[in-house]
Each structure stands twice: as C-alpha cells, then as structure tokens.
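Here are a few friendly notes to read alongside the model. Take them one at a time, and find each part in the structure as you go.

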Amino acid sequence: MTFDKVLSERIERVKQGGAPKYHEKNAEQGKLFVRDRLRLLFDDDFEVEDALFANYTAGDLPADGVVTCLGKVDGRIVAVMANDSTVKAGSWGSRTVEKILRIQETAEKLNVPMIYLVDSAGARITDQIQMFPGRRGAGRIFYNQVKFSGRMPQVCVLFGPSAAGGAYIPAFCDIVIMVDKNASMYLGSPRMAEMVIGEKVSLEEMGGARMHCQISGVGDVLAKNEQEAIAAARQYLTYFPQNYSEKPPVKEALAPKEFEKSLAEIIPANQNAPFNMHDLINRLIDENSWFEIKKLFAQELITGIGRIDGQPVGIIANQPKVKGGVLFVDSADKAAKFINLCDAFNIPLLFLMDVPGFMIGTKVERAGIIRHGAKLISAMSEASVPKISVVVRKAYGAGLYAMAGPAFEPDACLALPTASIAVMGPEAAVNAVYANKIAELPEEERAAFIEAKREEYREDIDIYKLASEMIIDGIVDPNDLRNELSKRFEVYSSKYAPFTDRKHPVYPV
Amino acid sequence: MTEITASMAGNVWKVLVKPGDTVEEGQDVVILESMKMEIPISADFGGIVKEVRAEEGGFVNEGDVLVVVED
C-alpha cells in the first residue's frame, strides 16, 4: 500500500470511533455519533481538527475519546471539544485531557467562543496519575474555564452523563443545554450514594436533565432530543459577540408577531390580578427572536434574550402569573447570573417590573433570601451596559430596587400609565399605619374608613405625581413602548461607564 | 395520584373544585392570597378530584398539599 493510502485508511478508521456495538447502544438511546453532532453544529463541512491520532498506538482508543476542532457557526469561528462516548464511554485519559486543554488555549488565543459537547463517564482510573492531579491534569480545564468566563462565550451541550469532577464543565459554562432523559449531572452516582450515604435514588431523580432545569437551576435549557439541543446552541450563539471586546451582532429588524389585543388591552388595572408577562414581551420583540434561559426554573421571573429592531436585548421580567411575580431565593439567583452574562458580552438590559416585593416568612429567611437578594442587587448595580427599566404595574419595596429602579442608574426608568411605585401596596400600607385606629372603630365604619384611606394612599403614589417629582423619566403609552425602547437603546448604544476602580467586589453570595 | 401543592406560603382565598370534579391540565384549582397578590394554583395533570385539603381562609406553607387528583 502506498503511504497516502495508509494515511487515508488510518484517518478513516480513527474517525469511525469505537467498536460498532457501542454505536448501536448509543443509537438505541437516541444518541448521535460525535462526528454527526459536529456536522449539525457547524455551518458546513469546514472543520479544522487537532490530534486526531492522539493515543493512536494504544489501538483501541481512537482520538483518545475526544474530538477537538474549530468550525463555523453562523459564519463565525468557534472552538469545540466533543466527547466520543463510543470510546471507553467518553472517559478521560491523559491525552484526552491534554487535547481539551489545547483546544481551550486555542480558543483563548483566537478570542473565540468555546463549546463543550459533553458525554463522558469521567476519569479513567487507570490513567489517574497522568490525568488527575498535576499541573496539566483535569483541574486545569476548570481553571481555564474560570479564566475565560466573561471573556469568550462558553457553551455546554450535555448529551449524556457528566459525572463527578466532569460535572464542573457545565457548572463553569455560561449556558447548559441538556437533552431530556439522556443527560445527567452528579457528583456521585446513585450507586455511590447508596454505598456512601445509604440513599436509594434513581439517576433521573438525582441528577437528570429535567431535575437540573427545573429544580437545581444548574441546567438552563431542556431539549427534547439532540437535534433540538444543538439547534439551541446555534441559536444562542447568534446573540453573542465572539468575545467581550466586541458588540453583539445586529440582525435584520423584524416586526413583532401580530396579536388581536393591544398591550393596553391585556394589562389588568387591578394590581392584584395576575396576567401573563410573556404576552407583553411578545409584543415588544421581533417575531421569532426569543431565546429563554432557565424557562422551567424559578418561573416567577422571566430571563431571556430577544431582539428589538434587530438588536439583542437581555430581558428580566417579573411574571405575575407565577407566585404573584414575588422575588424568591431562586429567582434572585437566576436574575443575577443572567445579568452577569449579558453585561459581560455587551448585551443591553431591559427590566420589566410588576413586582410585589421579595418573599417574606420563615422559609425564605432560613434560605438566606437577604443575601440572595443582595447578590441580585449587586449584579444589577454593577452592570454597565445600557439599562432601561419599565414599571409595568406595581414596583413595591425592594422589588423596585432589584429591578433597576431610579437609584440604580438605569439610563431611563420609564412607567406605563398602570404603574404604581411605593414601599408597599395600599392594602398593606393602610393596615400598617392605621391598624390601631381601625381596631378602635365600630365594626360598621371600618370598611368605609379603610377604603377612604386606601384611596388617599393611591392618590399619594399616583404615577403622574412621581413623574412630576422627576422620580421616573417618562410615562409611555404601552402601545408605543416598543418604539420608545428601540429609540432609546439606539441612543444609549455608545454608553461607556465603567462602574468603579478596584480589584473586584466582595460578592455578597 | 397527583398531589397539587402550594407554590408559596399564603392564605387560601378560593377553592375552585370539589371532590368528584374533572380537572384538566393547567386548570386553576385553588387561588391563594399571598403578598397581597392572587396566586392561582393550577393542576399539573388532568384527572378526577379525589380530595380537597385546602380550606378557604386557612394558612398553607409552601409545599403543603391543597388538592389530590386521581389520573
């Protein structure tokens, strides 16, 4: 055989991955071969791969169980590491780890996004001295991730397990997309949990995709299958610049989806009645431009990126339909990370307020709602991208602060005519101020007294009065809101306002 | 059998179903009043209401069972 034939034959063999039985097993679980995943991720067959022959001499470890390469997503270069679960279940040997480190270093030098397609059983115990503890051991992967955080986008798509130390790859990414049923993350397997702490639990219950996207909040997007997961990763990247020194790409402006009812018609005047905040968001953003992050987690607050006239905008919105839109420990946490994400990559922020305040009571105090709220307020204060807050309906108590109220340097704090800003709502306020007086009144006079005092209070916090005091920067007709936001984001696009001089804050976490 | 639980602490303002009723997925079964807000609690799954544990005017904590539905 001539040398070129030998080479092409060997390349072909390595590119086939592990033994056929492992391919079959994956197919049964609805899992694609790693190279097919890459074909779905990239625009075309343009691909630059390194160390295809890693661990070639071992014979049974093609590419040492990981593909590391560069390709194009939406016309732009990204770096990728992708586990091959047909090779020793995608486990990591010393060359696997070295390959991952090298592609990370390449991403750093090129200043391009780093994508992690994870499907790995974890470390190969037989290789532990070479791959676990040292300077270029697996720990270095996480060190690099922390160093890159906020510099280039880091995206994780999880197709299978991400176990023990490996579970930290998703944890350090900006976003984690998980395939339902197949993806999982855990520090110790169910078998280990039973042995070590005596707990009997299923994998799905302890570390499944749905659990992480709904309850722990470690997962951000739950995908039905691998195709949907990869499509989500591609869409996500379209909102982001290649790195922190660039602005996010602006797409062609599209009109919002058309609805029968106008914004003015869907917002209830009764502050206590719920409505669906998505109905408002959909009327503000370009049609089909919405990408929601943590949709299933802490649903009382909505976080996602949409486009207004083609410009990506990060939206943080209270959802009165769920838990009254009250802020909880998890919603504060969710918003803090989302704000950090957008601010890191120059995506302007829009806060849509309809918030009765932070939750009170024993349960949340024990869960540390004060420090979680502080974390949100700190992230929101520090964000130096263009920030607009809109008081849709109520903004009570610290809810006003957390949602970029006037004291937190939004470029504008606007209000709809339905807005109500106060330390607390009329019901609670009248009760707090006049509790003794009400108790002294004869029973039949109480209701009238309470209603009169509430009315007095409502007049006192009237939104035109707040505009007159210049507490808010303007009152906007809800049907003009999109247009107003579009103009303002354009005006603020040259904003340059670094927060302050220091090494870094003492994060209140 | 599915238990529909309180999503947050509050008072039971209105109970919208009684035992024997058929409920559909997403249908509101109880409205709580908490933080001065109406908090609708809906069924995750459709079925027949087997038991109503929520009492109008009573306090419930997050996670307390309000209604039990049989698939």
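Predicted model: local features only at pLDDT ≥ 70, side-chain atom pairs only at ≥ 80, totals over all residues.

1. Let's begin with chain B. An unreviewed UniProt entry places the feature "domain: Lipoyl-binding" at residues 1-70 of chain B.

2. In chain B, four strands make an open sheet in the order β1-β8-β6-β3, with antiparallel pairing. At the edges sit β1 (2-5) and β3 (22-23) of chain B, each of which pairs on one side only. As background, strands of a sheet pair through backbone hydrogen bonds, either parallel or antiparallel.

3. Strand β6 (residues 47-52) of chain B pairs with strand β8 (residues 65-70) of chain B in the antiparallel sense, over four bridges.

4. Next, see where the two chains meet. On the chain A side, 14 residues are in contact with twelve residues of chain B. The chain A residues that touch chain B divide into six nonpolar, five polar and three charged.

5. Which residues touch the most other members of the largest nonpolar core? They are C156(A), L158(A) and I177(A), in a core of 149 residues. Helix α14 (residues 329-344) of chain A gives the most to this core, with eight residues. The core also draws at least three residues from each of domain 1 (3-238) and domain 2 (263-419 + 472-494) of chain A. Leaving aside neighbours within four places in sequence, I177(A) is in contact with several residues, among them C156(A), L158(A), V221(A) and A233(A).

6. Is P312(A) buried or exposed? P312(A) counts as buried because it has 26 C-beta neighbours inside 10 Å, and a residue needs 20 or more to be buried. P312(A) lies in strand β11 (residues 311-318) of chain A. Not counting residues up to four places away in sequence, P312(A) touches Y239(A), P248(A), I305(A), R307(A) and I347(A). By contrast, the C-alpha atoms of P312(A) and I438(A) are separated by 51 Å, and these two residues are 126 residues apart along the chain.

7. Finally, visit helix α8 (residues 190-197) of chain A. Of its eight residues, the number buried is zero, so helix α8 of chain A lies largely in the open. After α8(A) comes G198(A), whose phi is positive, near 80°.

Terms used
Residues numbered from 1 in each chain as written. Chains lettered and ligands numbered in written order. Buried ≥ 20, exposed ≤ 12 C-beta atoms within 10 Å, placed from the backbone. Helix = DSSP H or I, 4+ residues; strand = E, 2+ residues; numbered from the N terminus. Core = buried A, V, L, I, M, F, W, Y, C linked by C-beta atoms within 7 Å. Domains from an automatic or database assignment. Contact = placed C-beta atoms within 7 Å. UniProt positions renumbered as here; feature names shortened; annotations may be inferred. Nonpolar A, V, L, I, M, F, W, Y, C, P; charged D, E, K, R; others polar. Pairing = 2+ DSSP bridges.
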